[in-house]
Amino acid sequence: MEERGKLLSHMNLKTFKYSYDLLSSDKIRTSFLKIMETFNIPKDIVRLDTNDLCNIECIFCSNKPQKCTPDHLMSFQKFKVLIDKIHKTTRMLYLSCSYEPLMTPNFGEYIAYAKSKGIPFISFATNALLLDKNNLIHQLVNHQINELIISFNGFNRADYNRIMFRSSYDKVIKNLQELKEYKEIRGSTFPKIRLNTILLKSNIVNFDKIVKFIVDYNIDTVQYRPLITRDTPEPAANREKMNTLEQPQNNPDEVNREKISNFSEEELEYILKDINSYSKKLSELGKRIIIPIDLLNKNKLTGRDKQPGSKTSCCIPFFCYWINYRGKVSVCCSDADSIIGNIFTDTMEKMKEKRNTFRKKALSGKCGMNCSTNIDSSTII
Ligand SMILES: C[S@@+](CC[C@H](N)C(=O)[O-])C[C@H]1O[C@@H](n2cnc3c(N)ncnc32)[C@H](O)[C@@H]1O
Ligand code: SF4
Ligand code: SF4
């Protein structure tokens, strides 16, 4: 099984990215995805939460710290059942989606089990505050987990502790240092470290310091992601109830102050130039900065821009799955019809039937008006 994993892993992400980019439209992508499905080639990207908890409070996120109790967790037993059902078709497994994966006790066991099933690419996003618990740093390296995504907002102590409230800059830095040192001891480049950083005012200034940070902690990629606010609706999968329109948000004033729209066009242009020049230097060191090219178009940073009446088809339900900690499965996160069942209680046949019905809707373009889902190859790689 490990062998199958190794082989596919690395048929590889680059190949996956190039193919995705090469296939210029969702229609063509859909045709290829159908062919892959027919030949049982693993192609699915699964995003999966093992809890609905967090331990900190980021100014832009609706989650709040909560106590960890069994009713907020997917048990390890259930996780194994789930993985047994999906591993053959899964190419990329993200062991987090809307919550904090390290709130799941013994998360290392979950990772080890998924890895043992030969899933080609395994990654998860975390605030990294609990990375030092239960020998997790060693497990990530020893199991050669492909990627660790660290949500990191604020490249100095004051900004970080203000934006990622109740986290600790010093502790996260200590964890990053430990991870870097253990990778060096083991001579390992895995897990690759990607910082998920939200496009906030504080996060794109003083780029020389950001570059120093990237080099000091051996970060592989910094990916800037657009801030999602009430006026750019948050993907429904980021909320527990798919049908709710409620979009709670912390500290609106603080978030407003941090919006990059507070910069003038000239300031943004200058910042972008600065980032570009540093980005070139970093790429010589094998490091990447990914920033939305629409940065200057402040109102157009998220989503697939589907307008009412649109007939544009979408390939997302042909390879993406979102599964919550109770087993609820959906194939996109912007349309309530995309919920196809429960992985623990429904048969795969029943779920496939519902999935196919939704796929037809996606092909006709009649899905998710105001859709805010945005998956491109730079997001998945
Ligand atoms: C909801 S978190 C869950 C995983 C984990 N707790 C973490 O922070 O990495 C997943 C990602 O969503 C991002 N996120 C949360 N609220 C957001 C918002 N309002 N706009 C854009 N990204 C947001 C976070 O920065 C994080 O990278
Ligand atoms: S972004 Fe992640 S760490 Fe921050 S509050 Fe939301 S779930 Fe928690
Ligand atoms: S609603 Fe779902 S299927 Fe439709 S365009 Fe958005 S992501 Fe694609």
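Isoleucine 41 sits in the loop between α3 (26-38) and β1 (44-48); helices (H or I, at least four residues) and strands (E, at least two) are DSSP runs, numbered from the N terminus. This is a predicted model, in which local features need pLDDT of at least 70 and side-chain atom pairs count only at pLDDT 80 or more, while totals for chains, interfaces and linings use all residues. Residues are numbered from 1 along each chain as its sequence is written, chains are lettered from A and ligands numbered from 1 in the order in which they are written, and side-chain values use heavy atoms, with hydrogens and water left out.

Back to isoleucine 41. Its relative accessible area is 36%, so it is partly exposed; buried means under 20%, exposed over 50%, and partly exposed in between, with a 1.4 Å probe and protein chains only. Together with Ile35 and Phe39, Ile41 forms a nonpolar patch on the surface, with about 310 Å² of accessible area in total. Patch members have over 30% relative accessible area and no salt bridge; nonpolar side chains (Val, Leu, Ile, Met, Phe, Trp, Tyr) are joined within 5 Å, like charges within 9 Å. The areas come from the Shrake-Rupley method with a 1.4 Å probe, and for residues only the protein chains shown count as cover.

Next, β1. How many of the residues of β1 are buried? The count is 5 of the 5, so β1 is largely enclosed by the rest of the structure. Asp44, Val46 and Leu48 cover one side, Ile45 and Arg47 the other, and all are buried. β1 runs parallel to β3 (residues 90-94), with 4 bridges between them; strands pair if DSSP finds at least two bridges between them. Isoleucine 45 is opposite methionine 92 of β3. β1 also runs parallel to β10 (residues 320-323), again with 4 bridges, and there valine 46 is opposite tyrosine 321.

Other strands. β4 and β5 are parallel and joined by 4 bridges, with threonine 126 opposite isoleucine 150 in β5. In β5 (residues 147-151), 4 of the 5 residues are buried. β7 and β8 are parallel and joined by 5 bridges, and threonine 197 has tyrosine 224 in β8 as its bridge partner. As 4 of the 5 residues of β8 (residues 221-225) are buried, this strand is largely enclosed by the rest of the structure.

Now the backbone. Most residues other than glycine have a negative phi, and most peptide bonds are trans. Which residues depart from that here? Alanine 128 has a positive phi near 70°. Alanine 128 lies in the loop between β4 (121-126) and α6 (136-142) and is buried, at 0% relative accessibility. Arginine 166 has a positive phi of about 80°, in the loop between β6 (164-165) and α8. The peptide bond between phenylalanine 190 and proline 191 is cis, with omega about -5°; proline 191 is in the loop between α8 (169-186) and β7 (192-198).

Salt bridges. Side chains of opposite charge can pair when their charged atoms come close. The cut-off is a side-chain nitrogen of Lys or Arg within 4 Å of a carboxyl oxygen of Asp or Glu, and the structure holds 19 such bridges. One of them joins glutamate 37 and arginine 359, at 3.0 Å from N to O. Glutamate 37 is in helix α3 and arginine 359 in helix α12 (residues 348-364), 322 residues apart, and the pair links distant parts of the chain. Glutamate 37 is partly exposed at 28%, whereas arginine 359 is buried at 6%. Glu37 and Arg359 also belong to a salt-bridge network with Lys43, Asp44 and Arg355.

A second pair is arginine 162 with glutamate 258, at 2.9 Å from N to O. Arginine 162 is in helix α7 (residues 157-163) and glutamate 258 in helix α10 (residues 252-258), so this pair ties together parts 96 residues apart in sequence. Arginine 162 is partly exposed at 28%; glutamate 258 is buried at 5%.

Within helix α8, lysine 174 and glutamate 178 are 4 residues apart, about one turn of the helix. Their closest N and O atoms are 3.5 Å apart, in a salt bridge.

Last, ligand 2. Which residues are around it? They are Cys54, Ile56, Cys58, Cys61, Asn63, Ser98 and Asn127, where near means a heavy atom within 4 Å.
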